[in-house]
Amino acid sequence: MQYRSVPIEPEKQARERRALAEALRGLRRASGLSGERLALRCNMSQTKISRIETGRALPTVLDVERILKALAVPNEVAEEILGLARRANVDYVSWRAHARVGLYHKQAELKALESSARVIRHFLPAIPTGLLHVPEYATETLSPTVAGDPRRDVARAVQARMDRQAILEDVSRSFWFLMTEQAVRWRRASAETMAAQCAHMAEVNGKSNVEIGIIPEVAQVPGTPMNIFVVYDDRLVTVELFSGEVVLRDPRDIAQHLNLFDLFWSHALTGGDASTFLEEAASRFMRQRN
């Protein structure tokens, strides 16, 4: 399978979204259909069609496929428009942009996203996610580390991250956290903080709506853990980079990440085995304090 690079520069992204709206509006007008007639053919509301054509709403790739099919657009043209739709459905925001308005705002965005989902799957090859952090570990991970890192209100961001964790008490939602052994053992903080972090994750794993999986280093896995990613239901995927975060909405991208999650999960320690692993890791870190 070949992968094409995705243009995620904000200015180019905005242009492509405008181009998508204009192309769909132009195709509809060329067909002679009114917005109402097209809406009926697509089983969409006329309001949604109008918002898509004016650029006020970003259509999913599936929305665009339905519109193109209803308009009987030739295959060659349809492929070009679908390519535009796929690119338009990728968001990129740098950590610098988040820092300019305050990283605690990013925690609020995550809280809202988590509150809108019923099943949330975290793939964590490098570090535990914020929903699993103890305050000391969160402080370390949110503090600037290298030249070029943006300045941050760390205390406020840490508090916002701790506040987010209340959602784990909502048993109507399920949370899946899949980590590699390296993510558990990586010395991101002092031995004492690492011990507390591991013990806390073992405790969280006891919640009825939480599943923690850990892929041991000895497991032979037919896949490479390239990025941290989170899948919210089957609606969108967020992928973390050193410089920022990419959001994917194409159903095929979502399906691929769900398949990857299932593949990696099938090689993980889960349930009591995962809790035991975390408790033993906590004990090892405690012995390293001195």
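Modeller: Two strands pair if DSSP finds at least two bridges between them. Helices (H or I, at least four residues) and strands (E, at least two) are DSSP runs, numbered from the N terminus. Here, six bridges join strand S2 (residues 119-124) to strand S3 (residues 174-180), and the two run parallel. Within this pair, Phe-123 lies opposite Leu-178 of S3.

Biologist: What kind of model is this, and how are its residues numbered?

Modeller: This is a predicted model, in which local features need pLDDT of at least 70 and side-chain atom pairs count only at pLDDT 80 or more, while totals for chains, interfaces and linings use all residues. Residues are numbered from 1 along each chain as its sequence is written, and side-chain values use heavy atoms, with hydrogens and water left out.

Biologist: What is the mean pLDDT of the protein?

Modeller: pLDDT is the predictor's confidence in each residue, from 0 to 100. The mean for this protein is 88, and 90% of its residues reach 70 or more. Over residues 1-8, however, pLDDT stays under 50. For that stretch the model has eight contacts beyond four places in sequence, where contact means heavy atoms within 4.5 Å.

Biologist: In what order do the strands of the sheet stand?

Modeller: The sheet is open and has seven strands, in the order S1-S7-S6-S5-S2-S3-S4, with mixed pairing. Strand S1 (90-94) and strand S4 (210-215) are at the edges; each has a single partner strand, so one side of each is left without a neighbour in the sheet. On average, neighbouring strands of this sheet are turned by 15° against each other, direction ignored.

Biologist: At what angle do helices H2 and H4 pack?

Modeller: Two packed helices are described by the angle between their axes and the distance between the axes. Axes are lines fitted to C-alpha atoms, for helices over the stretch in contact, and angles run from 0 to 180 degrees between N-to-C directions. Helix H2 (residues 35-42) packs with helix H4 (residues 61-70) at an angle of about 110°, and their axes are 9 Å apart. H2 and H4 are therefore roughly perpendicular to each other. Angles under 35 degrees count as roughly parallel, over 145 as roughly antiparallel, 65 to 115 as roughly perpendicular and the rest as oblique.

Biologist: Which residues of H2 and H4 meet?

Modeller: From H2, Leu-38, Arg-41 and Cys-42 meet Arg-66, Ile-67 and Ala-70 of H4. By class, this contact of H2 with H4 has four nonpolar, no polar and two charged residues. For these classes, Ala, Val, Leu, Ile, Met, Phe, Trp, Tyr, Cys and Pro count as nonpolar, Asp, Glu, Lys and Arg as charged, and the others, Gly among them, as polar.

Biologist: How do H4 and H5 pack: roughly parallel or roughly antiparallel?

Modeller: H4 and helix H5 (residues 75-88) pack at an angle of about 160°, with their axes 9 Å apart. These two helices, H4 and H5, are therefore roughly antiparallel to each other. Val-61, Val-64, Glu-65 and Leu-68 in H4 meet Ala-78, Ile-81, Leu-82, Ala-85 and Arg-86 in H5. The contact of H4 with H5 has seven nonpolar, no polar and two charged residues.
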